[in-house]
Amino acid sequence: MSEDAPIYSPFFGVMGAAAAMVFSAMGAAYGTAKSGTGIAAMSVMRPELIMKSIIPVVMAGILAIYGVVVAVLIAGQLKPPPEYTLYKGFVHLGAGLAVGLSALAAGYAIGIVGDAGVRGTAQQPRLFVGMILILIFAEVLGLYGLIVAIYLYAK
């Protein structure tokens with residue numbers, strides 16, 4: 001074993017892949033659950049708005065896709081220690097954390113905005129466009145993490 005590729009260097013790459021998947025799935029799950037409760041509460045009074053209100057759930061689900069993409073990319077580069085350096089392991093860990101934690105934050109934002117937004121849209125339909133804009137800005141936080149993760153991955 002060389003000094004720049006110790007036996008434990010793939011551990012950091014595996015943790016990067018796991019962090020990408022776990023944290024992004026947690027964000028997607030929270031966004032889906034929180035928005036889903038808002039949809040369920042709103043649909044009692046206005047069942048015709050259910051399909052229109054699914055948008056926050058779809059946007060939350062996209063966050064998990066960001067994590068899957070980065071986790072698969074990282075897992076594809078994993079190799080035994082002589083070929084997999086400590087530097088590459090740390091870069092992959094950073095990439096996984098970047099996409100995972102930003103998707104987690106975006107999922108929280110989407111969940112809170114989606115819940116309040118669909119309930120508010122049931123009472124005032126003009127709120128819908130504003131809710132969509134806020135959801136887009138929340139979703140783009142996860143996209144920023146994906147961009148940074150892909151940039152790190154390419155190093």
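A: Let us begin with contact, which means heavy atoms within 4.5 Å. Leaving aside neighbours within four places in sequence, threonine 121 is in contact with Leu49, Leu127, Phe128 and Met131. Please keep in mind that this is a predicted model, in which local features need pLDDT of at least 70 and side-chain atom pairs count only at pLDDT 80 or more, while totals for chains, interfaces and linings use all residues. Residues are numbered from 1 along each chain as its sequence is written, and side-chain values use heavy atoms, with hydrogens and water left out.

Q: Is threonine 121 buried or exposed?
A: Buried means under 20% relative accessible area and exposed over 50%, with partly exposed in between (1.4 Å probe, protein chains only). Threonine 121 counts as buried because its relative accessibility is 5%. Alanine 19 is buried as well, with a relative accessible area of 9%, and, leaving aside neighbours within four places in sequence, alanine 19 is in contact with Ser24, Gly96, Leu97 and Gly100. Across the protein, buried residues make up 43% of the 155 residues.

Q: What radius of gyration does the protein have, beside that of a compact globule of 155 residues?
A: The radius of gyration is taken over C-alpha atoms, and the globule rule is 2.2 Å times the number of residues to the power 0.38. A compact globule of 155 residues would come out near 15 Å, but the protein has 19 Å. The box that the C-alpha atoms fill, taken along the principal axes, is roughly 65 × 20 × 15 Å. Among contacts between residues at least 6 apart in sequence, 84% join residues at least 24 apart.

Q: How many residues does the largest nonpolar core have, and which have the most contacts inside it?
A: In soluble globular proteins, nonpolar side chains tend to be buried together. A nonpolar core is a set of buried Ala, Val, Leu, Ile, Met, Phe, Trp, Tyr and Cys residues joined through side-chain atoms within 4.5 Å. Here the largest core has 29 residues, and those with the most contacts inside it are Leu63, Val70, Val99, Ile110, Met131 and Leu135. The elements that give two or more residues to this core are α1, α2, α3 and α4 (127-153). Isoleucine 110, if residues up to four places away in sequence are not counted, touches Ser35, Pro56, Met59, Ala60, Leu63, Leu135, Ala138 and Glu139.

Q: How many salt bridges does a search of the whole structure find?
A: A salt bridge is a side-chain nitrogen of Lys or Arg within 4 Å of a carboxyl oxygen of Asp or Glu, and the search finds three. In one of them, lysine 34 pairs with aspartate 115, the closest N and O atoms being 3.5 Å apart. Lysine 34 lies in helix α1 (residues 9-43) and aspartate 115 in helix α3 (residues 86-123), so the pair ties together parts that are 81 residues apart in sequence. Aspartate 115 counts as buried because its relative accessibility is 10%, whereas lysine 34, at 26%, counts as partly exposed.

Q: Which residues are linked with Lys34 in a network of salt bridges?
A: Lys34, Asp115 and Arg119 are linked in such a network. Arginine 119 meets aspartate 115 at 2.7 Å, N to O, and both lie in helix α3, four residues apart, about one turn of the helix. Arginine 119 counts as partly exposed at 38% relative accessibility. Another salt bridge joins the side chains of arginine 46 and glutamate 48, also with an N to O distance of 2.7 Å; arginine 46 is partly exposed at 26%, and glutamate 48 is exposed at 55%.
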